[in-house]
Amino acid sequence: MPNLSDITVPTVTLNNGVEIPQLGFGVFQVPPEETQRVVEEALAAGYRHIDTAAAYRNEAGVGAAIAASGIPREQLFITTKLRNGDQGRAREAFEDSLAALGLDYVDLYLIHWPVPSQGLYVSAWQSLEEVYAGRRARAIGVSNFLAEHLETLLASARVTPAVNQIELHPTFQQRSLAAASREHGIAVEAYSPLGQGADLGAGAVLAAASAHGATPAQAVLAWHLAQGTIVIPKTATPARMRENLAAAALTLGQGEIEAISALETGDRIGGDPATAAHSQF
């Protein structure tokens, strides 16, 4: 594994000019009582992009880790998300997240799910536009939005979302949705980028990893990075944090990229945004 001090994580320039580190660290399912320690370890490993959400109930731990790290705030990129059940009070929910994080602003604020059955995501977006206008979020975006949700949002939006964070990994690539997002200038960010581990045993992944003396996770992350996708792998293990970050130094051949891309099965791991309606409380 290369020396992490020699690795430069690439950035993606969002549609408003803000730069986001392409390889970040997610804290989904990290228990609140463990979050500060885990995020401190991630920051020590070299991550500067941390992704959390109100629904994860660990924003306070992320904020405590940031405060303890001593890293200048402007060197960090912090994302959090609007809880589904808070779409009717988005401005207040945003302030709650800032208070939990102990921050004056976030770098990216997302609507976590569209929840079309509520009929609130368009009005929630208007609240996010106000937050953005007030410079309390450097960029705003969405998560789990399908093409039809994007079209509905864009019909009245004054600000085009900067990011669409979606489930994306070798066996579930959502190619048409990713293409539709990018056609609107919306960057694609992958959650569950390793298929929650299920994609790591595929032959194409193992072959690429073996050819480069890399781990299967590094091969999959390099596959994402090669396509311009932002990735936020999650692990609570410091050694794996460092291994995942080292994927930024791995360049796959075109044949290896195509072989991993051929793993598509269309099998979703998480909920279907067309019907998902959990409140997240």
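Tutor: Setting aside residues up to four places away in sequence, Pro114 touches Gln87, Tyr121, Ser143, Asn144, Phe145, His149 and Pro273. Before we go on, this is a predicted model: local features need pLDDT of at least 70, side-chain atom pairs count only at pLDDT 80 or more, and totals for chains, interfaces and linings use all residues. Residues are numbered from 1 along each chain as its sequence is written, and side-chain values use heavy atoms, with hydrogens and water left out.

Student: Where is Pro114 found, and is Pro114 buried or exposed?

Tutor: For burial, we use relative accessible area with a 1.4 Å probe and protein chains only: buried is under 20%, exposed is over 50%, and partly exposed is in between. Pro114 has a relative accessible area of 0%, so it is buried. You'll find Pro114 in the loop between β6 (108-111) and α4 (121-133). Those labels come from DSSP runs, numbered from the N terminus: helices are H or I with at least four residues, strands are E with at least two.

Student: Now a strand residue. Which residues is Thr80 in contact with?

Tutor: Thr80 has its place in strand β5 (residues 77-82). Leaving aside neighbours within four places in sequence, its contacts include Thr52, Ala53, Ala54, Ser97 and Tyr109. Thr80 counts as buried because its relative accessibility is 0%.

Student: How do I read a helix, say α7? Which of its residues are buried?

Tutor: Look at which way the buried residues point. In α7 (residues 203-212) they are Ala204, Val205, Ala208 and Ala209. Seen down the axis of α7, these buried residues fall within an arc of 130 degrees, so they line one face of the helix. That arc is the one spanned by the directions from the helix axis to the C-beta atoms. On the other side of α7, Gly203, Ser210 and Ala211 are exposed. The cover over the buried residues of α7 includes α8 (216-226) and α10.

Student: Zooming out, how many helices and strands does the chain have?

Tutor: The chain has 10 helices and 10 strands. For 281 residues, a compact globule would come out near 19 Å, and the chain has 18 Å, which agrees. Its C-alpha atoms fill a box of roughly 50 × 40 × 35 Å along the principal axes.

Student: And how much of the chain do buried residues make up?

Tutor: They make up 53% of the 281 residues. As for contacts with a separation of 6 or more, residues 24 or more positions apart account for 75% of them.

Definitions and conventions
The radius of gyration is taken over C-alpha atoms; the globule rule is 2.2 Å times the number of residues to the power 0.38. Contact means heavy atoms within 4.5 Å.
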